Amino acid sequence: MNTTARTDAHASDLASRFEETFGAAPDGVWAAPGRVNLIGEHTDYNEGFVLPFAIDKRATTAIRPRGDSTIRLLSTAGAEGIVAADTAALVPGAVTGWAKYPLGVVWALQQRGIDVPGFDLLLHSDVPPGAGLSSSHAIECAVVTALNELTGAGLTAEEMVTLTQHAENAFVGAPTGIMDQSASLRGAGGHAVFLDCRDQTVQLVPFEAQDTGLVLLVIDTKVAHSHSDGGYASRRASCELGAAALGVKALRDVAVADLEAAGGRLDPVTFRRVRHIVTENDRVLQVVDTLRSQGPARIGPLLDASHASMRDDFEISCPELDLAVDTARSHGAIGARMTGGGFGGSAIALTPVGREQQVRDAVVRAFTQAGFTSPDIFTVTPAAGAERIR
Ligand code: ADP
Ligand code: MG
C-alpha cells in the first residue's frame, strides 16, 4: 500500500470510530507529525538556528463542531475515557491529563479573540509519548490546524506556531520554544526545516537520506526526560547570564571567533554553556551548507561534534544516551547524537542501510550488558507537515 492509500484508510478508519463513539460523522480529519531535531539543541531560546524535520509518525484528529459550548475529547490510547469541558470555563494550569493539549489550543485561540464552538474530538497518535519526538505538539498542531479551518480564523502557519507556543507556556505550563510546532506545521516530505528562531523565517533544506543509502535510526532510551526537574531552567539561566555578561541581546550574537575573548569574561561553567550554544549554531549552518552542497553522507562529523558538545560543555546527556551514541558509532553509524532537550529521551544515528541491523543489535546488546532498560529503535523519514487528510 502506498502512503496515500494508507493515509486514506487510516482517516476513514478514524472517521468510523468517531461515528461509533459520538453518533455522527466528523466534519473532517486532520493530522500533524511529531519531529526529530537533526541538529541545533538549546539554540532556540538563544534566538539561534535549529534544523528539525517532521517525521512519518503523527497525531490524527477527527472533529465535529457541536451546537453548544461542550467539548468532548477521546484518545484511542487513553484509559481516561471521554473527557468533557466547557469552552467558557478553561483555566490555565487547571487541566490535568492529555486534555490540556487540545484545551490549551482552544484557550489560546480564545485569547486571540477567536470564538471557538463546542466540538467532539477523537485522537489517534502513533508518535511515542515522552521519547523526545514531541507527541504533545503533534496533538496541538493537529488541533490548531483543524480549528483554524473550522472557525474560519485564517491564521498563517507562523501565527499558529506562536499560538501553540502560548498554549504550551501559559496553559499547559511547559516552558518550550517554537521549534517543535514549526517542524510539525511547516515541515515537508524529503526536507528538513531550517528555522531561524530570531525571526521565525524557514528554509526547507533537502534531506533525503534514503537516496544516498542511509537511514536515520531513532534510539529511544526510555529514560524519562522532564522539563520540571530544573536542568532545563538552569541551562536557560546560564545562557541568559552569559549573554548579559557579554553585552549581547542573545547568544546568537556571539561568533565562534569571539569565544576566546569571552573566556576571560565568564566563569568556567558559564563559559562552557556559552561555548556549546555558539558552536552549535555554527554546526547548524554547516549542516545546512553540507546538505545543500554534498548531501547527508557528509554530515556525520558535525552530528558527532554536536553530541560531544552537549555531553561535555552543556552537560545534558546521560549514560544511556552516551552508550547509544558510542555504540552506534563504533558499529557502523556515520554520525550520531542525542536529540531533544536532554537528560533522557532519544538519540539519532545516521547509518548506512547495510549496517542498520548491526547497529540495532549492538545497541540492544550494550544496553542489556549495562543493565539498562531495553531501548526502542526505529527509523524515521522526513514527512509532510500538518494537513487535512479527509
Ligand atoms: P513529548 O511531547 O516529548 O512526547 P510531553 O511530556 O511533552 O512529551 O508530552 C507527552 C504527553 O502527551 C503524554 O503524557 C500525554 O498527555 C500526551 N499524549 C501523547 N500522545 C497521546 C495519545 N495518543 N493520547 C493521549 N495523550 C497523548
Ligand atoms: Mg512535548
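Trainee: What is the volume of the largest pocket?
Mentor: The volume of the largest pocket in this predicted model is about 930 Å³.

Trainee: How many residues line the largest pocket, and which lie nearest its centre?
Mentor: The lining comprises 50 residues, and those nearest the centre are Gly-130, Ser-134, Ser-135, Ser-136 and His-225. Two or more lining residues come from each of strand S5 (119-125), helix H3 (135-150), helix H4 (157-172) and helix H5 (179-186).

Trainee: Which element gives the most to the lining?
Mentor: That is H3, with 4 residues.

Trainee: How do the lining residues divide into nonpolar, polar and charged?
Mentor: There are 28 polar, 16 nonpolar and 6 charged residues in the lining of the largest pocket.

Trainee: Which domains does the lining draw on?
Mentor: Domain 1 (3-205 + 383-388) and domain 2 (208-380) each supply at least three residues.

Trainee: Turning to H5, how many of its residues are buried?
Mentor: In H5, 8 of 8 residues are buried. Among them are Met-179, Asp-180 and Arg-186.

Trainee: What do the buried residues of H5 pack against?
Mentor: Their partners are strand S1 (28-39), strand S2 (49-65), H3, H4, strand S6 (191-196) and strand S7 (202-206).

Methods. Residues are numbered from 1 along each chain as its sequence is written. Chains are lettered from A and ligands numbered from 1 in the order in which they are written. This is a predicted model: local features need pLDDT of at least 70, side-chain atom pairs count only at pLDDT 80 or more; totals for chains, interfaces and linings use all residues. Side-chain values use heavy atoms; hydrogens and water are left out. On a 1 Å grid over the protein atoms alone, a cavity is a set of points where a 1.4 Å probe fits but cannot get out, and a pocket is an open set with protein on both sides within 12 Å along at least five of seven lines; lining residues have an atom within 4 Å of a point. Grid points are joined across faces, edges and corners, and a volume is the space filled by probe spheres set on the points. Ala, Val, Leu, Ile, Met, Phe, Trp, Tyr, Cys and Pro count as nonpolar, Asp, Glu, Lys and Arg as charged, and the others, Gly among them, as polar. Domain bounds come from an automatic or database domain assignment. Buried means under 20% relative accessible area, exposed over 50%, partly exposed in between (1.4 Å probe, protein chains only). Contact means heavy atoms within 4.5 Å.
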